[in-house]
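The sequence and the structure come first.

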Amino acid sequence: MKEEKILTFRTCKEGFEKLVSEWKCEYKYREVKKFWESRLLKNWKPKNFDKVFIINWYKSDSPKAILEFWWIVWTENYNWKNCFKIKLWKIIEIQNYFKI
């Protein structure tokens with residue numbers, strides 16, 4: 001069985017709550033920097049991922065949304081910055097999320 005390729009993003013509480021409550025097919029943007037190049041590219045081509053984890057904070061029991069990965073656009077101008085554009089498709093599962 002092949003190992004799944006997972007891309008992980010961290011977000012604040014407000015960002016996570018917005019993601020969960022207002023979900024629609026959406027894009028995430030990450031500024032083109034060495035860190036994101038190493039995470040998103042291989043041999044200057046976009047990597048393919050099986051799933052995307054969006055996690056609220058850094059604790060092991062933090063709320064987590066598992067989403068279906070769609071594709072990465074090499075670069076695009078977003079908020080006057082050169083960014084990678086990552087398309088996320090649908091929410092597969094939400095873990096450890098208890099809205100008060």
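**Loop residues and overall picture**

W80 counts as exposed at 79% relative accessibility; buried means under 20% relative accessible area, exposed over 50%, and partly exposed in between, with a 1.4 Å probe and protein chains only. The model is predicted, so local features need pLDDT of at least 70 and side-chain atom pairs count only at pLDDT 80 or more, while totals for chains, interfaces and linings use all residues. Residues are numbered from 1 along each chain as its sequence is written, and side-chain values use heavy atoms, with hydrogens and water left out.

**Positive phi in loops**

- W80 is placed in the loop between β6 and β7; helices (H or I, at least four residues) and strands (E, at least two) are DSSP runs numbered from the N terminus.
- The phi of W80 is near 65°, a positive value in a residue other than glycine.
- N79 also belongs to the hairpin of β6 and β7, which has 2 residues between the strands, and takes a positive phi near 50°.
- W57 sits in the loop between β5 and β6, and its phi is near 85°, positive although the residue is not glycine.
- With a relative accessible area of 53%, W57 is exposed.

**Strand pairing**

- Strands β6 (residues 64-78) and β7 run antiparallel and are joined by 11 bridges; two strands pair if DSSP finds at least two bridges between them.
- Within this pairing, V73 stands opposite K85 in β7.
- Strand β7 (residues 81-95) also pairs with strand β2 (residues 26-31), in the antiparallel sense and over 6 bridges.
- On that side, E26 stands opposite L88 in β7.
- In a regular strand the side chains alternate between the two faces of the sheet.

**S62 in the β5-β6 loop**

- S62 is placed in the loop between β5 (51-56) and β6.
- At 6% relative accessibility, S62 counts as buried.
- A polar atom of the S62 side chain lies 3.1 Å from the backbone oxygen of N56.
- Apart from neighbours within four places in sequence, S62 is in contact (heavy atoms within 4.5 Å) with I55, N56, W57, Q95 and N96.

**Salt bridges**

- The whole structure holds 5 salt bridges, each defined as a side-chain nitrogen of Lys or Arg within 4 Å of a carboxyl oxygen of Asp or Glu.
- One of them joins the side chains of E68 and K90 at 3.9 Å, N to O.
- E68 lies in strand β6 and K90 in strand β7, so this pair ties together parts that are 22 residues apart in sequence.
- Both ends are partly exposed: E68 has a relative accessible area of 21%, and K90 has 45%.
- E31 forms a salt bridge with K33, with the closest N and O atoms 3.9 Å apart.
- E31 is partly exposed at 30% relative accessibility, and K33 is partly exposed at 46%.
- Another salt bridge links K85 and E76, whose closest N and O atoms are 3.5 Å apart.
- In that pair K85 counts as buried at 12% relative accessibility, whereas E76 is partly exposed at 28%.

**Nonpolar core**

- The largest nonpolar core has 17 residues, and those with the most contacts inside it are L7, L40, V52, I54 and I86; such a core is a set of buried Ala, Val, Leu, Ile, Met, Phe, Trp, Tyr and Cys residues joined through side-chain atoms within 4.5 Å.
- Two or more residues of this core come from each of β1 (6-11), α1 (13-21), α2 (34-40), β5, β6 and β7.
- Strand β6 gives the largest share of this core, 4 residues.
- Leaving aside neighbours within four places in sequence, L40 is in contact with L7, K45, P46, K47, F49, I72, F84 and I86.
- In soluble globular proteins, nonpolar side chains tend to be buried together.

**Cysteines**

- A search of the whole structure finds 0 disulfides, a disulfide being a pair of cysteine sulfur atoms within 2.5 Å.
- The sulfur of C12 has its closest cysteine sulfur in C83, 17 Å away, which is too far for a bond.
- C12 is partly exposed, with a relative accessible area of 42%, whereas C83 counts as buried at 4% relative accessibility.

Technical notes. A polar contact is a pair of N or O atoms within 3.5 Å; within protein, one must be able to donate a hydrogen and the other to accept it, and residues adjacent in sequence count only if both atoms are side-chain atoms.
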